[in-house]
Amino acid sequence: MKLAIRICILMLGLVGTYMAAAVPQVPTPDGGPILTCPPGHVC
């Protein structure tokens with residue numbers, strides 16, 4: 001019984017990894033600096 005549960009967990013991990021890799025990547029707009037804090041503040 002414990003072995004079956006382990007196998008199910010591993011299979012879910014593999015299927016989840018495959019599904020995450022199969023999602024098409026969305027291109028991000030490139031053309032400006034990444035703002036990490038508002039202008040005028042000292043970070």
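These are my notebook entries on a predicted model.

**Ground rules.** I number residues from 1 along each chain as its sequence is written. For this predicted model, local features need pLDDT of at least 70, side-chain atom pairs count only at pLDDT 80 or more, totals use all residues, and side-chain values use heavy atoms, without hydrogens and water.

**Overall fold.** I looked up the elements and found one helix and zero strands (DSSP runs of H or I, at least four residues, and of E, at least two, numbered from the N terminus).

**Cover.** I checked the 43 residues of the protein, and 0% count as buried (under 20% relative accessible area, 1.4 Å probe, protein chains only; exposed is over 50%, partly exposed in between).

**Helix H1.** I see that H1 runs over residues 2-22 and holds Met11.

**Met11.** Is Met11 buried or partly exposed? I noted a relative accessible area of 47%, so Met11 is partly exposed.
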